[in-house]
Amino acid sequence: MIDALDHLALAGSANVYETLLGRRLAGGRLQTSNVGVTFGAGVGGLSSMVFATSDLDKAGRLLERRAVPGERLIKHTGDRLVLSREATHGVPIELCERQERAPPSPLAGSNEAAAISALDHIVVRTANPERAIAFYAGRLGLDLRLDRSNPAWGSRLLFFRCGDLVVEIAHDLKKGVSDGPDHLWGLSWRTPDIAKANARLKAAGIDVSEPRDGRRPGSQVFTVKNRTEGVPTLVIGGIGRW
């Protein structure tokens with residue numbers, strides 16, 4: 001039913017993300033190799049994630065049978081199935097129909113080694129991890145690849161494969177389980193050369209941490225501390241993948 005994460009909608013400035021990704025806006029969106037980003041009015045932050053399906057009508061009927069109702073809307077970016085916030089536990093989720101993936105946006109003041117090549121994972125904060133498993137695996141049909149609790153991190157992390165990226169569901173162990181809403185939280189991007197990407201962003205006046213070893217063997221990461229429109233952001237390099 002769901003083939004991939006097509007794009008993220010973000011309330012904020014496209015110019016900020018052109019600098020962050022090292023790519024130029026084209027056709028109203030920034031596109032990496034595996035996901036796009038669109039922009040709208042309002043205070044910064046992630047406003048929705050839009051999954052791709054090859055048949056929107058079929059996906060809508062299947063979701064309806066799985067107790068996930070949706071409303072079909074025609075938006076400026078195309079035909080959408082907007083899922084009920086009650087069914088998604090507060091996370092804004094839409095589906096769009098897509099047959100082919102868009103090519104990456106042109107580079108902007110960068111080269112491929114120093115630019116962002118793809119999205120590695122999107123992070124959703126959940127109040128109830130078992131409820132999240134029932135929704136993302138049972139209703140949306142995403143593949144649960146890993147369920148890891150680590151007291152040192154203070155989190156239970158669920159990793160759902162979606163195409164060639166991961167939807168990560170994070171639960172704060174100290175807060176316990178509740179019926180509260182889930183919400184979109186952060187993004188982790190991939191780059192071919194983490195040292196060059198770090199230097200490029202520093203030269204552009206963006207506050208970034210120094211590269212450090214990541215949690216995955218063989219990976220390095222750095223944190224982007226500002227000019228992300230309020231989205232917690234990590235950049236990942238190296239060979240490590242979940």
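**Figure 1. Cysteines without a disulfide.** In this predicted model, the number of disulfides is zero. A disulfide is a covalent bond that joins the sulfur atoms of two cysteines. For Cys 96, the closest cysteine sulfur belongs to Cys 162 and lies 11 Å away, which is too far for a bond, because a disulfide requires the two sulfur atoms to be within 2.5 Å. Cys 162 likewise takes part in no disulfide, its nearest cysteine sulfur being that of Cys 96. Cys 96 is buried, with a relative accessible area of 5%. Cys 162 is buried as well, at a relative accessible area of 3%.

Figure 2. Helix 1 spans residues 14-21. Six of its eight residues are buried, so the helix is largely enclosed by the rest of the structure. The buried residues are Ala 14, Val 16, Tyr 17, Glu 18, Leu 20 and Leu 21. After helix 1 comes Gly 22, which has a positive phi, near 75 degrees.

**Figure 3. The largest pocket and its lining.** The volume of the largest pocket is about 530 Å³. Its lining consists of 26 residues. Those nearest the centre of the pocket are His 121, Glu 168, Ser 188, Arg 215 and Leu 234. Several strands each give two or more residues to this lining: strand 8 (118-125), strand 10 (155-162), strand 11 (165-172), strand 12 (183-190), strand 13 (212-213), strand 14 (219-224) and strand 15 (233-238). Strand 12 gives the most, contributing four residues. Sorted by class, the lining comprises twelve nonpolar, eight polar and six charged residues.

**Figure 4. Thr 88 in a loop between two strands.** Thr 88 belongs to the loop that runs between strand 6 (78-83) and strand 7 (93-97). Thr 88 is buried, with a relative accessible area of 0%. A polar atom of the Thr 88 side chain lies 3.3 Å from the backbone oxygen of Arg 85. When residues up to four places away in sequence are not counted, Thr 88 touches Leu 83, Ile 93 and Phe 135.

Definitions and conventions
Residues numbered from 1 in each chain as written. Predicted model: local features only at pLDDT ≥ 70, side-chain atom pairs only at ≥ 80, totals over all residues. Heavy atoms only, no water. Buried < 20%, exposed > 50% of the residue type's maximum accessible area, 1.4 Å probe, protein only. 1 Å grid on protein atoms, 1.4 Å probe; cavity = no way out; pocket = protein on both sides within 12 Å on 5 of 7 lines; lining within 4 Å. Points joined across faces, edges and corners; volume = space filled by probe spheres on them. Nonpolar A, V, L, I, M, F, W, Y, C, P; charged D, E, K, R; others polar. Polar contact = N/O pair within 3.5 Å; in protein donor to acceptor, adjacent residues only side chain to side chain. Contact = heavy atoms within 4.5 Å.
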